[in-house]
Amino acid sequence: CAGIPGMIDLAVNLVKPHSTVVIPGWCTQQDSFLPMIAMQKELRLQFTALYSRDDFQYVVDTMANDTQAGYRAMITNTVSLEQLPATFEQLRQPSNEVKVLVTPNAL
């Protein structure tokens, strides 16, 4: 997750069959994993794309404008830490959720 060598291998070994392993961390060192395990589990590996300067500028401009059409409109649910396990279970099914915000101190 944090771009540390060995994380892909760890994730491939820990996930259930037919899962997707998403690799968002930028690892600047050579890394390896045993493809046979991923193949036996029929895993999908998804590497994230990097953002451009224009992408970050769009976010900054949207937040500065503070419009409902901006980032606040993407938050479709707010949950507490206590609600998080049940929320994850609900998100296993298709839904209209876009961004679930976790508020640790919410009641």
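Me: In what order do the elements of the chain run from the N terminus on?

Reply: Helices (H or I, at least four residues) and strands (E, at least two) are DSSP runs numbered from the N terminus, and in this predicted model the elements run α-β-α-β-α-α-β-α-β, with five helices and four strands in the chain. Residues are numbered from 1 along each chain as its sequence is written. Because this is a predicted model, local features need pLDDT of at least 70 and side-chain atom pairs count only at pLDDT 80 or more, while totals for chains, interfaces and linings use all residues; side-chain values use heavy atoms, with hydrogens and water left out.

Me: Where in the chain is confidence lowest, and where is it highest?

Reply: The quantity to read is pLDDT, the predictor's confidence in each residue, from 0 to 100. Where pLDDT is low, the predicted coordinates should not be read in detail. The chain has a mean pLDDT of 85, and 90% of its residues reach 70 or more; confidence is lowest in helix 4 (residues 71-74), at a mean of 71, and highest in helix 2, at 96.

Me: Which residues make up the largest nonpolar core?

Reply: In soluble globular proteins, nonpolar side chains tend to be buried together. A nonpolar core is a set of buried Ala, Val, Leu, Ile, Met, Phe, Trp, Tyr and Cys residues joined through side-chain atoms within 4.5 Å, where buried means under 20% relative accessible area, exposed over 50%, and partly exposed in between (1.4 Å probe, protein chains only). Here the largest such core has seven residues, namely Ile8, Val12, Val21, Ile23, Ile37, Ala38 and Leu43. Helix 1, strand 1 (20-23) and helix 2 (35-40) each supply at least two residues of this core. Across the chain of 107 residues, buried residues make up 15%.

Me: With which residues is Ile8 in contact, leaving aside its neighbours within four places in sequence?

Reply: Contact means heavy atoms within 4.5 Å, and, with those neighbours set aside, Ile8 is in contact with Ile23, Asp31, Phe33 and Phe47. For the chain as a whole, among contacts between residues at least 6 apart in sequence, 52% join residues at least 24 apart.

Me: Which residues form a nonpolar patch on the surface?

Reply: Patches are made of residues with over 30% relative accessible area and no salt bridge, like charges being joined within 9 Å and nonpolar side chains (Val, Leu, Ile, Met, Phe, Trp, Tyr) within 5 Å. Accessible areas come from the Shrake-Rupley method with a 1.4 Å probe, and for residues only the protein chains shown count as cover. Ile4, Met7, Leu10 and Leu14 form the patch, with about 370 Å² of accessible area together; Leu14, found in helix 1 (residues 7-14), is exposed at a relative accessible area of 66%.

Me: How many salt bridges does the structure hold?

Reply: A salt bridge is a side-chain nitrogen of Lys or Arg within 4 Å of a carboxyl oxygen of Asp or Glu, and the structure holds one. The side chains of Arg92 and Glu89 meet in a salt bridge at 3.2 Å, N to O; Arg92 is exposed at 60% relative accessible area, whereas Glu89 is partly exposed at 47%.
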